Amino acid sequence: MKTTIFTFHPNLTNTSRLNATLANAAQQAGYEVRDMYQLYPDFKIDVAKEQAILAQTDRIVLQFPIYWYQTPALLKQWFDDVLTYGWAYGSTGKALQGKEVLLAVSFGADKEDYTSLGRFHITVDEVLKPIETISYHTGLKFLDPFVITGAIQLDEASLVGRAKSFVEILSEIS
């Protein structure tokens, strides 16, 4: 099975400790990692190229931080541009049916903050639900997400441990 990791972090190489570490660990383990903000800094997405890559991919990994309880802007643009009617969904849109998706998502705040009674009064599952709902149109199969909370406070040892866990999960599902 071919796994492709689409990393959506606006400053992956300059300011991201966690997402850069995850992407580097996956790349060193032999997975294709695509830095989407580096590829499309102007948000002008090459739809045909992205669709061709998705067509050749069995397992799609979407790696990104949550900003303001949402995906980064480029990931939303990518969904809008790439997952087109007649290709990804609709009566003739069957290109993604049966492909697996792993969300590799990081949250800055602690796990306890993402409970119905926590600081934000919303759970991680509730934040991710709009993304996973894509499955009802596309036939994508969402796997249990790889979630990291408390990303802001991770020390170096924890960072390395999370990267190791990420690669292990990629290996288990491959």
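Lys129 is partly exposed, with a relative accessible area of 41%. This residue belongs to helix H5, and in this predicted model its C-alpha lies 26 Å from that of Met1, from which Lys129 is 128 residues away in sequence. The structure holds six salt bridges and nine aromatic pairs.

**A network of salt bridges**

- Lys2, Glu32, Arg34 and Glu50 are joined to one another in a network of salt bridges.
- Glu32 and Lys2 form one of these links, with a distance of 2.8 Å from N to O between their side chains. This pair connects distant parts of the chain, as Glu32 is in strand E2 (residues 32-35) and Lys2 is in the segment before E1, 30 residues apart.
- Arg34 in turn forms a salt bridge with Glu50, at 2.8 Å from N to O. Arg34 lies in strand E2 and Glu50 in helix H3, so this bridge ties together parts that are 16 residues apart in sequence.
- Arg34 counts as buried because its relative accessibility is 6%, where buried means under 20%. Glu50 is buried as well, at 0% relative accessibility.

- Lys99 is located in the loop between helix H4 (73-82) and strand E4 (100-106).
- Lys99 is buried but takes part in no salt bridge, and the nearest side chain of opposite charge, that of Asp58, is 4.9 Å away. A salt bridge requires a nitrogen-to-oxygen distance within 4 Å.
- The side chain of Lys99 does reach the backbone oxygen of Thr57, at 2.5 Å.
- Leaving aside residues up to four places away in sequence, Lys99 touches Leu54, Ala55, Thr57, Asp58, Ile60, Leu140 and Lys141.
- Arg59 is part of strand E3, and its relative accessibility of 2% places it among buried residues.
- The side chains of Arg59 and Glu100 are joined by a polar contact of 2.6 Å.

**The buried face of helix H4**

- Which residues of H4 are buried? They are Leu74, Leu75, Trp78, Phe79 and Val82.
- Seen down the axis of H4, the buried residues fall within an arc of 145 degrees, so they line one face of the helix.
- An α-helix has 3.6 residues a turn, so residues three or four places apart point the same way.
- The elements against which the buried residues of H4 pack are strand E1 (3-7), helix H2 (36-39), helix H3 (47-55), strand E3 (59-65) and helix H5 (124-132).

**Aromatic rings**

- A pair of aromatic rings is described by the distance of the centres and the angle of the planes.
- Among the nine aromatic pairs, Tyr37 and Phe43 make an edge-to-face pair, with 5.9 Å from centre to centre and 80 degrees between the planes.
- Tyr37 is buried, with a relative accessibility of 13%, whereas Phe43 is partly exposed, with a relative accessible area of 29%.
- The rings of Tyr114 and Phe120 form a pair. Their centres are 5.1 Å apart and their planes stand at 45 degrees, so this pair is tilted.
- Tyr114 is buried at 9% relative accessibility, while Phe120 is partly exposed at 23%.
- Phe6, Phe8, Trp78 and Phe79 come together in one aromatic cluster. Trp78 and Phe79 are also among the buried residues of H4.

**Positive phi angles**

- Phe43, the aromatic partner of Tyr37, is placed in the loop between H2 and H3. Phi of Phe43 is near 65 degrees, which is a positive value in a residue other than glycine.
- Trp68 also has a positive phi without being glycine, with a value near 50 degrees.
- Trp68 is situated in the loop between E3 and H4. With a relative accessible area of 74%, Trp68 is exposed.

Terms used. Residues are numbered from 1 along each chain as its sequence is written. This is a predicted model: local features need pLDDT of at least 70, side-chain atom pairs count only at pLDDT 80 or more; totals for chains, interfaces and linings use all residues. Side-chain values use heavy atoms; hydrogens and water are left out. Helices (H or I, at least four residues) and strands (E, at least two) are DSSP runs, numbered from the N terminus. Buried means under 20% relative accessible area, exposed over 50%, partly exposed in between (1.4 Å probe, protein chains only). Lys and Arg count as positive and Asp and Glu as negative; His and the chain ends are not counted. A polar contact is a pair of N or O atoms within 3.5 Å; within protein, one must be able to donate a hydrogen and the other to accept it, and residues adjacent in sequence count only if both atoms are side-chain atoms. Contact means heavy atoms within 4.5 Å. The arc is that of the directions from the helix axis to the C-beta atoms. Rings of Phe, Tyr and Trp (its six-membered ring) pair if their centres lie within 6.5 Å; planes under 30 degrees apart count as stacked, over 60 as edge-to-face and the rest as tilted.
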